[in-house]
Amino acid sequence: MSTPVTVTTLYRMKQQGEKITALTAYDFPFAKMVDDAGIHIILVGDSLGMVVQGETSTLPVTMDEMIYHTRLVRKGAANAMVIGDMPFMSYQTGVAQAVANAGRFLKEAGATAVKLEGGAGVVATIEAITAAGIPVQAHIGLTPQSVHQMGGYKVQRDEDRLLEDARKVEAAGAFSVILEGIPSPIAAKITQTLKIPTIGIGAGSDCDGQILVLHDLLGLNERHVPKFVKQYVKLSTAAKEALSTYKQEVQQGVFPGEEHSY
Ligand code: KIV
C-alpha cells in the first residue's frame, strides 16, 4: 500500500470483497509500526483510557487528551486513514458542540474522520457532522460509553434493533460502521444489508473488515482479555524479561560495557 487510504478506497474494497484491516494506536512509534505493516485504518480510540491511562472505563477520557494523542498518531501514519474517536460527552450534549468537537480532530490533529457511538439516537449528530464535510464512522452494538446503561460490557443480541441502527447510521451519512459485540449471524446480515463497510470487533468473520485494540493484539494489556481478542505476541512478557536483565546487568557491572562507553 503506497497511497493514502480514503473513504473511496474503503468503499471500493467492500465492493471488491477485499478485507479492510484496522487497529488502534495512541502515539507515534506504534502508529508508525501499524502504518508500516500496511494496516488500512488507525483508530485513535478512547480505549486510550483503559490501555494507556489505566482507567477502568473509557468515560474519563477528554477531548484535549484525544486531540493530543491523535496528533501523535498522525505523524506516524503515512498512508493509513487516521480516525479520531469522539470521547464521552463530546457529542452527546448537542449537535453544535458535536460538530465543533469533530472539527477539532481535523483542524488541530490532522485526522481524516471521526468515530462516534450510537445508532438511531445519533442520526441528527451524524447528519450535522457529515454536512460539515467531516466523514463519520458509526459504532453500534456493544458501545462502551454506555456501559452503565447496558449493565456491563455485554454482547448485544437484539437483531431488529441492531439492523435498524445500522440502516439509520448509513442513511444519516456514515461512511462506515463498527460492529462491536454482536453475534456473527447478525453482523453478517448487517454487512449484506449495508452499502457502507462494516468493521467488526467481536462480531465474527463476515464483516467487511476487522479492528482490534493494539495493546490486546500485542499482549501489552495484562488486564482482562476478552474472548474476541487474539494475542499475536506477548510483548509484556518479553519487555519484563528485558527490564530484569537490564537491572541484573547494571547491578553486576556488566552494563555498560566497553562497546557502550566513550
Ligand atoms: O475505543 C476503541 O478502541 C474502539 C474500538 C475498540 C472499536 O472503539
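A polar contact is a pair of N or O atoms within 3.5 Å; within protein, one must be able to donate a hydrogen and the other to accept it, and residues adjacent in sequence count only if both atoms are side-chain atoms. The views show a predicted model, in which local features need pLDDT of at least 70, side-chain atom pairs count only at pLDDT 80 or more, and totals for chains, interfaces and linings use all residues. Residues are numbered from 1 along each chain as its sequence is written, and side-chain values use heavy atoms, with hydrogens and water left out.

View 1. A polar side-chain atom of Asp 46 lies 3.0 Å from a ligand oxygen atom. For Ser 47, a side-chain N or O atom is 2.5 Å from an oxygen atom of the ligand. Asp 85 places a polar side-chain atom 3.2 Å from a ligand oxygen. The protein covers 95% of the 260 Å² of accessible area (Shrake-Rupley method, 1.4 Å probe) that the ligand has on its own.

**View 2. The shell around the ligand.** Residues with a heavy atom within 4 Å of the ligand include Thr 24, Leu 43, Lys 115, His 139, Ile 201 and Val 213. The shell divides into 3 nonpolar, 4 polar and 3 charged residues, where Asp, Glu, Lys and Arg count as charged and Gly is among the polar ones.

**View 3. Helix H11 and the segment after it.** Just after H11, Gly 253 takes a positive phi of about 75°. Pro 256 lies in the segment after H11, and the peptide bond from Phe 255 to Pro 256 is cis, with omega near 0°.

Methods
Helices (H or I, at least four residues) and strands (E, at least two) are DSSP runs, numbered from the N terminus.
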